[in-house]
Amino acid sequence: MSTCAEDHLPLHPLEFRILLAVLDGPSYGLRIVEEIEARERSVGTLYPANLYRRIRSLLSDGLLAESSPPEGADTRRTYVLLTPLGREVAVAETARLRDLVAEAERYEVLDGS
Amino acid sequence: MSLGPTEARLYRAMLRLLPRDMRRRFGHDMTELFAARLQRARGSALRMAGVWLRAVFDTVEHSLATRTPKRDWEGWTMGFIGQDLRTSIRSLGRSPVFALASVLTLGLGIGASTATFSVVHSVLLEEFPFEDPDRLVFVWPEVNANKTMALMAEERMTALSGVSGLSNWTLTLTGLGEPVEVSGLLVSPDYFEILGVSPVMGRSFPADADLPGSGNVVILSHDFWVRLFGSDPQVVGRVIELGGGGHESREVIGVMPPGIDKLWADVDVWVPLEGERSLGLADDNTWYVNERVARLAPGATLEQANGQVAAYARAVADELPGHFEEEEVTGATVQPLRGYLTRDIAGSIWIALGAVSLVLLIGCFNVANLLLARGETRSKDFAVRVALGAGRQRIVMLLIGDAVVIGILGGALGVLLAHRLVQLVAAVGPSELPGIGDVGLNGPVIAYALLVTTIAVLVAGLAPAFRVARGGTTAGLRGTARGSRGHPLGPVTSVLVGSQVALAVMVAVGSGLMLRSLDGLMAVDPGIEGDRVLAFRPTPPQNRYPDPESYRDYYSQVIERVSALPGVDAVGGINLMPGRLDNWSFPTHPEGYVVPAGAPTPVANFRAVRSGYFQATGIPVLTGRAISGADRSNAEPVVLVNETFVETFWPGEDPLGKTLSIFSASGTSYQVVGLVADTRQHGPRRETQPEMYFSDLQIPWDALSLWIVARVRDDDPMALAQAVRETVWEIDPDVPISGVSRLAEVLNETTATTRFMTWLLTAFGALALALCAIGVFGVTAYSSGRRKAEFGVRLALGASRVGVVASAVSRSLGPILIGLLLGTVGAVSTTDYLASSLYGIEPRDPVTFAAVVVVMAAVGLLAAAVPAWRASRVDPVRVLGSE
């Protein structure tokens with residue numbers, strides 16, 4: 001498990017979306033999916049094994065950590081929160097994507113079609 | 001937003017494909033997310049099937065991915081799908097016989113399993129369309145009750161939050177074309193609240209609808225509304241001529257949603273169960289309340305309800321001394337809805353699913369053997385690939401690719417086959433199974449088919465892949481495989497053949513036992529000759545025949561007119577048709593019989609018949625005379641009893657001239673004028689009970705509706721059905737006629753479920769035997785083919801062909817014999833589960849076991865001998881020349 005953000009790049013798009021969905025605080029599977037689908041309608045329908053395979057991988061890479069459920073929440077749910085490393089990786093991935101888009105724009109991809 | 005119990009079970013089973021830590025950590029969350037996905041698709045079977053399909057792929061794909069190093073996975077997936085599967089498809093296309101045999105074998109197994117699972121799902125697993133159906137129960141279902149008894153349960157049992165009595169009642173609908181007999185269910189006003197169902201149109205029953213005289217309202221089932229009222233949106237508020245249950249017409253106040261009318265009977269309409277609320281238990285004469293359905297109170301458990309029912313039953317029994325048997329009181333229970341409705345059949349259905357799963361396993365072993373053999377023939381190809389640098393993993397993937405392609409095609413064929421089988425089951429399945437008419441390929445059933453296909457692919461593909469992974473490819477480059485070294489079949493093949501034989505023996509023993517049991521059941525003489533008897537039931541509407549005299553007179557006319565039809569020999573009537581499950585059993589007081597101390601008043605079955613009944617049904621009157629037309633209300637009251645009645649109450653005595661009364665010892669005294677032979681009114685499984693036959697004209701209550709039985713001279717009584725209908729409608733065109741059938745068929749219905757299960761298991765047994773024979777044949781054909789050179793040498797050296805064949809067969813003999821032995825041991829330890837379905841034979845019936853072993857041995861030997869014989873027909877010169 002590397003603690004260097006760069007080693008985790010590039011992130012799988014779904015893993016990146018998951019990190020973004022927990023930026024504001026601890027969350028759990030169904031809410032993460034709702035968050036992703038609400039923000040991005042073109043993302044397609046997410047199924048459980050796909051989502052949790054990614055969450056499990058982010059947990060083992062140290063980008064997410066398990067957190068205790070908030071007061072009054074269903075204790076059977078597994079809540080996850082963003083680790084400092086996770087936040088660093090999210091920032092680095094955003095910068096990487098931004099550079100990539102800037103590069104594409106220099107080629108005027110969207111205008112030329 | 002949650003899954004039904006079946007859905008949850010299926011999804012959890014699927015999650016077992018994932019690593020354990022993932023299941024433990026996220027199992028609940030994954031189920032929650034899946035429930036949300038399914039929730040969106042509810043209402044469309046197709047979309048739900050789509051969600052299940054996606055979930056299966058999602059789980060399978062990511063279970064593989066979690067077990068593969070992260071960075072390799074994407075490349076691996078592309079390699080497998082893009083390359084290996086395409087290679088497999090191409091190479092299977094080049095061996096069409098192999099491909100067809102494998103796909104057919106898997107398709108048959110998957111189709112039969114899926115169709116059987118659709119029955120399991122529909123009858124045993126599918127959720128009832130009620131709110132929280134797991135909290136609905138039957139209260140003391142072992143006994144009949146009256147309305148007051150149902151009310152008492154609600155008052156005394158705090159574990160229940162509502163109790164409704166249920167009573168089936170036949171009503172008559174007129175004024176809408178041909179008169180129609182309507183199947184009604186009398187219920188308490190809060191019945192639909194207890195179930196948690198709301199009408200799609202109109203409203204539920206008002207709270208006072210059960211008071212005498214207030215119940216002239218009716219709620220229609222969806223199906224009835226569509227059939228009889230053409231889905232009329234204005235039906236609520238209409239007053240219809242629905243006679244019976246104390247009313248001549250009723251106002252339609254609601255229409256219920258579809259699907260809730262087929263649970264404990266096909267219900268057309270619901271009407272209130274009327275009666276005074278403040279009557280004492282003994283004064284309430286509504287003793288036709290067959291069942292009590294209730295909802296567990298919030299927080300209460302089934303165990304608590306069962307703890308309270310004993311005190312309730314005791315209180316009821318104390319108020320009604322002599323009414324219930326002591327065992328009925330001490331054995332009072334509260335039963336979950338589904339468990340009670342399927343109590344007689346659940347075991348058999350699970351057995352059928354077990355049997356068909358074994359058949360599928362035999363099919364998988366066949367395909368595994370075929371793949372093994374194919375792996376051998378392709379070993380040169382593999383060896384070349386290895387020599388050129390392909391990893392062993394790649395070779396394994398090629399073999400798994402073959403299994404996957406065969407699995408996809410076999411699964412598709414299986415689903416198509418299941419689709420047809422399911423239609424067949426819905427059409428011919430015994431109607432007494434709740435939900436049997438609704439079997440179909442829905443989401444969970446498709447998911448099951450996918451799951452079964454996946455397992456089949458794994459079972460069939462793993463053995464060959466395992467063999468290659470252990471280094472089975474290296475022989476390929478060493479020259480043509482002569483295969484005469486080592487064990488002739490190879491250890492994996494031997495194990496597979498032995499297992500096939502063992503499984504086939506187990507399934508075949510089950511089929512054999514059921515067949516012999518059915519044979520025994522069919523051999524039981526019902527005591528009634530129903531082949532040439534036409535039965536039907538005219539039900540005169542109460543509004544047209546309000547007084548008992550006109551009601552009885554109507555039946556007299558029917559019997560008279562039908563008797564006059566050409567080809568009719570004898571006509572009679574009876575209130576309860578033999579072969580149907582309904583029964584009336586009343587306390588009886590036979591003259592001179594002393595009730596043993598502490599025992600309840602004895603009971604006997606009550607039947608009201610009209611003259612001509614015994615002649616029409618061929619039930620012999622052994623001594624004395626039958627009921628005649630002269631046995632009317634103004635004549636001496638008479639009764640006939642059966643042999644069991646005499647053996648029970650007057651053993652060794654002549655019953656003629658003795659008297660008996662019903663209900664109370666001081667009631668009307670009926671003189672016995674005849675003794676009739678015993679019959680099996682309720683089918684061959686039920687022992688004959690004491691029976692009393694009265695003249696329906698001498699019953700001191702309201703007139704009873706009758707079934708009419710007519711014995712005809714022709715072999716086919718149904719040929720007369722139309723003439724009978726016309727004759728009956730000449731008397732009154734507004735009387736509905738129902739249940740027109742051949743009496744023999746009505747009697748046959750008593751064994752319908754047994755016959756259905758027997759034919760199902762027999763079909764599975766035959767399939768198991770056939771697949772097993774194909775398996776042994778294929779393996780011997782393959783190994784004999786590879787030994788042609790050896791055969792040639794031996795024949796050239798002077799060996800006889802018989803000797804060569806015998807040596808080839810003897811090598812297959814080991815696995816077959818071990819399979820027979822293990823199969824017999826397996827059958828001995830499992831046939832006990834069949835015990836309750838068997839009649840007249842033991843679960844370890846030696847004849848059945850011996851017959852199965854002999855047949856299996858013969859089939860196995862034949863399947864081994866034929867290909868060996870063909871292989872031995874080689875020309876030694878040619879074979880040696882080719883070497």
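Mentor: Gladly. Helices here are DSSP runs of H or I with at least four residues, strands are E runs of at least two, and both are numbered from the N terminus. This is a predicted model, in which local features need pLDDT of at least 70, side-chain atom pairs count only at pLDDT 80 or more, and totals for chains, interfaces and linings use all residues. Residues are numbered from 1 along each chain as its sequence is written, while chains are lettered from A and ligands numbered from 1 in the order in which they are written.

Trainee: Where is A:Pro10 found, by those element names? And what kind of peptide bond joins A:Leu9 and A:Pro10?

Mentor: A:Pro10 is in the segment before α1 of chain A. The bond between A:Leu9 and A:Pro10 is cis, with omega at about -10 degrees.

Trainee: What pattern does chain A follow along the sequence?

Mentor: Chain A reads α-α-α-β-β-α-α, with five helices and two strands in total.

Trainee: How do you know how confident the predictor is in chain A?

Mentor: Look at pLDDT, the predictor's confidence in each residue, from 0 to 100. Chain A has a mean of 88, and 97% of its residues reach 70 or more.

Trainee: What describes two packed helices?

Mentor: The angle between their axes and the distance between the axes. Axes are lines fitted to C-alpha atoms, for helices over the stretch in contact, with angles running from 0 to 180 degrees between N-to-C directions.

Trainee: How do α1(A) and α2(A) lie to each other, parallel or perpendicular?

Mentor: The axes of helix α1 (residues 13–21) and α2 of chain A come within 9 Å and cross at roughly 105 degrees. Therefore α1(A) is roughly perpendicular to α2(A); that label covers 65 to 115 degrees, whereas under 35 counts as roughly parallel, over 145 as roughly antiparallel and the rest as oblique.

Trainee: Which residues make that contact?

Mentor: A contact needs C-beta atoms, placed from the backbone, within 7 Å. Here α1(A) contributes A:Arg17, A:Ile18 and A:Ala21, and α2(A) contributes A:Ile32, A:Glu35 and A:Ile36.

Trainee: How many residues of chain A are in contact with chain B?

Mentor: 17 residues of chain A are in contact with 21 residues of chain B. On the chain A side, α2 (29–39) and α3 (48–60) each supply at least two residues, and α3(A) gives the most, with eight.

Trainee: Which residues of α9(B) are buried?

Mentor: They include B:Ala305, B:Gln308, B:Val309 and B:Tyr312. The buried residues of α9(B) pack against elements of chain B including β1 (136–139), α6 (147–156) and β2 (160–174).

Technical notes:
Two residues are in contact if their C-beta atoms, placed from the backbone, lie within 7 Å. A residue is buried if 20 or more other C-beta atoms lie within 10 Å of its own, exposed if 12 or fewer, and partly exposed in between; C-beta atoms are placed from the backbone.
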